[in-house]
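Visitor: Hi, I'm new to this one. Could you show it to me and walk me through a few spots?

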Amino acid sequence: MAARAQSTTPVRKVPIHLQSAQNRLLIKNGKVVNADGIQDADVYVEEGVIKQVGNNLIVPGGSRVIDARGKFVIPGGIDTHTHLQLPFMGTTTADDFYTGTRAALAGGTTTIIDFVIPSKGQSLIEAYKQWRERADDKVACDYALHVAVTWWSPEVQQEMEELCRDHGINSFKMFMAYKDLWQLDDTELFEAFERCKQLGAIAQVHAENGDIIKENCKKLLAAGVTGPEGHELSRPEEVEAEAVNRACVLANQVNCPLYVVHVMSKSAGQVIAEKRREGIVVYGEPIAASLATDGRNYWHTCWRHAAAHVMGPPLRPDASTPDYLMDLLANDDLSLTGTDHCTFSTAQKEMGKGDFTKIPNGVNGVEERMSLVWEKGVVSGKMDPSRFVAVTSTNAAKIFNMYPKKGCIDVGSDADIVIWDPKLEHTISVATHHSAVDFNIFEGMTCRGGPEYVIANGRVTVDEGQVKAVQGYGSFIPTPAFAPFVYDAVAEREKVHQLIKVEREGRVIAVRNTAVAAAQPSATNGEASESSLASANGVDEAIPAADHSFVAHQHFTRPPTSSGGRNMQDTTFSLSAEYPNPADESDNKRSTIRVKAPPGGHSTGLW
């Protein structure tokens, strides 16, 4: 295994007018929550880094003090799945890298991981540079990138290596859907997984069977189903579960770590849970939408409302799905949460007014995720605050190799901190959210628990609920290959599943296949040579035999039954006590098969 790349600290761009704000901050009297436990402690921050965690801290004068009494001090959230400023389906998402990251901060998320999605045939490096240019001057919080593999070639394989080595990328996403656009076939998937394993990267999949979806869409449209409900009907739950299972099987053949994005159904979640119990290194990512709402919205009588929920894979009409997925998340059958935040306005959604296949796929969630997971997970009693931190921050930091700079409250970590008020109650609404989109799929939901303060790299960006995001303040965060959290598990699995060759003793002898000999004439006496027999039978060498007491012949019958009839288990295969002598002409001239009874045999028994 190649040596692990070392994490690098990005050079942070701090506007001159903000430099005085990024100084000293003391958070007192709170309960510090990490994935491994809770402690009463103060936290001191200086120049964007956590310098001290403990009690009775000695800090310089002039530090700002925030009283967190009765509140939780948690690591900033990491949203593993966003699509900001994405060109898709003939339009571009409503949220760009500023409005999207501003909304993230408002909800307590201090790092996002967006997706570079090259056009088919486009250089991965070229696409990566395009995304950096779009993001660097706009992001209000830190960000990292995944890169999608939308086509397959030797050039793509080479560029994957370059991205890992030189550009801080350690994850690649393959589409099993969007046929004729981004979908890879099974052979390409297998080779992509193999390449990820070689590079120490994580293979991600959008798991749906694109071939089935394409045919289903044709049938539905031909039957006159053109509305948003057709979207879910064309991609039923089993189509997602089948693709998840297939991806796990393919990845397991090369022991490649697999990450399934946006887990939307009970059956897909169950497949991942079962594979994890079998020891396969696979991570499942339910999203805010799949944990908090469902696909019954596709049958809403208002087209605008129904279309706003269209995303791929779709929300499921089974109303018990969100609770089921939350149970899997609480139990570590699923590992972490993202949002697939990919927003389109009502006007953009109306591009598919007469054809559901043309409705741009995507929903909101980057601002709402933390509060929804707290409400549905912690308030409901399914998980404790430490598990909440694990699934909203720490596990993401570990899987994508940003830990412990991100994902924990510890000395030396980035000062990405949220002061979480468990008593803060708010109702989600398009009228108050910070996204640029004009619809919110969580409209009217009430959440108990939310961020009072959000500190991003030492700067207070949400101050008593007021968002003070600054465009361009965030930085790109490299994600080195061979993340220990992932590849230590891969290495352990390889120890258990080593290939072991069986060593056998004794010389190898040739097998006579008299049936083939009879069928193939030879140069002499109408018989095939021994070498041609073995070749025709697809065998060059035959049975090893340390004890030379028997050899295979072509005729053998079992003794008759007690009633005198032929044993119905008779076979034409026999084991003789003597070797045939290849030089024995009389032996070579025997009939191919000796039959003692007509077909079907005789029987006097009662059946």
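Predicted model: local features only at pLDDT ≥ 70, side-chain atom pairs only at ≥ 80, totals over all residues.

Visitor: Great. How many salt bridges does a search of the whole structure find?
Guide: The search finds 34 salt bridges. A salt bridge here is a side-chain nitrogen of Lys or Arg within 4 Å of a carboxyl oxygen of Asp or Glu.

Visitor: Which residue does Lys28 meet in a salt bridge?
Guide: Lys28 meets Asp42, at 3.5 Å from N to O. Lys28 sits in strand 1 (residues 24-34) and Asp42 in strand 2 (residues 37-46), so the pair ties together parts 14 residues apart in sequence. Helices (H or I, at least four residues) and strands (E, at least two) are DSSP runs, numbered from the N terminus.

Visitor: And is Asp42 buried or exposed?
Guide: Asp42 counts as buried, at 8% relative accessibility, whereas Lys28 is partly exposed at 29%. Buried means under 20% relative accessible area, exposed over 50%, and partly exposed in between (1.4 Å probe, protein chains only).

Visitor: What about Arg195, which partner does it have?
Guide: Arg195 forms a salt bridge with Glu161, at 3.2 Å from N to O. That pair links distant parts of the chain, with Arg195 in helix 4 (residues 186-199) and Glu161 in helix 3 (residues 154-166), 34 residues apart. Arg195 is buried at 14% relative accessibility, and Glu161 is partly exposed at 33%.

Visitor: How far apart are the closest N and O atoms of Arg246 and Glu242?
Guide: They are 2.7 Å apart, in another salt bridge. Both residues belong to helix 7 (residues 237-253), and because they are 4 residues apart there, about one helical turn separates them. There is also a network: Asp142, Lys405, Lys406, Asp414 and Asp416 are joined by salt bridges that share partners.

Visitor: Switching topic: why is helix 11 called largely enclosed?
Guide: Because 7 of the 10 residues of helix 11 (residues 321-330) are buried, the rest of the structure largely encloses that helix. Among the buried ones are Leu325, Met326 and Leu328.

Visitor: What covers the buried residues of helix 11?
Guide: The cover includes strand 13 (258-263), helix 8 (266-277) and helix 14 (385-399). Contact means heavy atoms within 4.5 Å.

Visitor: Last topic, how many cavities of 30 Å³ or more does the search find?
Guide: It finds 2 cavities of that size. On a 1 Å grid over the protein atoms alone, a cavity is a set of points where a 1.4 Å probe fits but cannot get out, and lining residues have an atom within 4 Å of a point. Grid points are joined across faces, edges and corners, and a volume is the space filled by probe spheres set on the points.

Visitor: How much space lies in the largest cavity?
Guide: About 150 Å³. Of the 17 residues that line the largest cavity, His83, Phe88, Tyr178, Asp340 and Asn361 are the closest to its centre. Tyr178 also has a positive phi, near 60°, and is buried at 18% relative accessibility.

Visitor: And what lines the second largest cavity?
Guide: The second largest cavity, with a volume of about 100 Å³, is lined by 14 residues, with Ala308, Phe344, Lys349, Val437 and Phe439 nearest its centre. Helix 10 and helix 12 (346-349) each supply at least two residues of that lining.

Definitions and conventions
Residues numbered from 1 in each chain as written. Heavy atoms only, no water. 1 Å grid on protein atoms, 1.4 Å probe; cavity = no way out; pocket = protein on both sides within 12 Å on 5 of 7 lines; lining within 4 Å.
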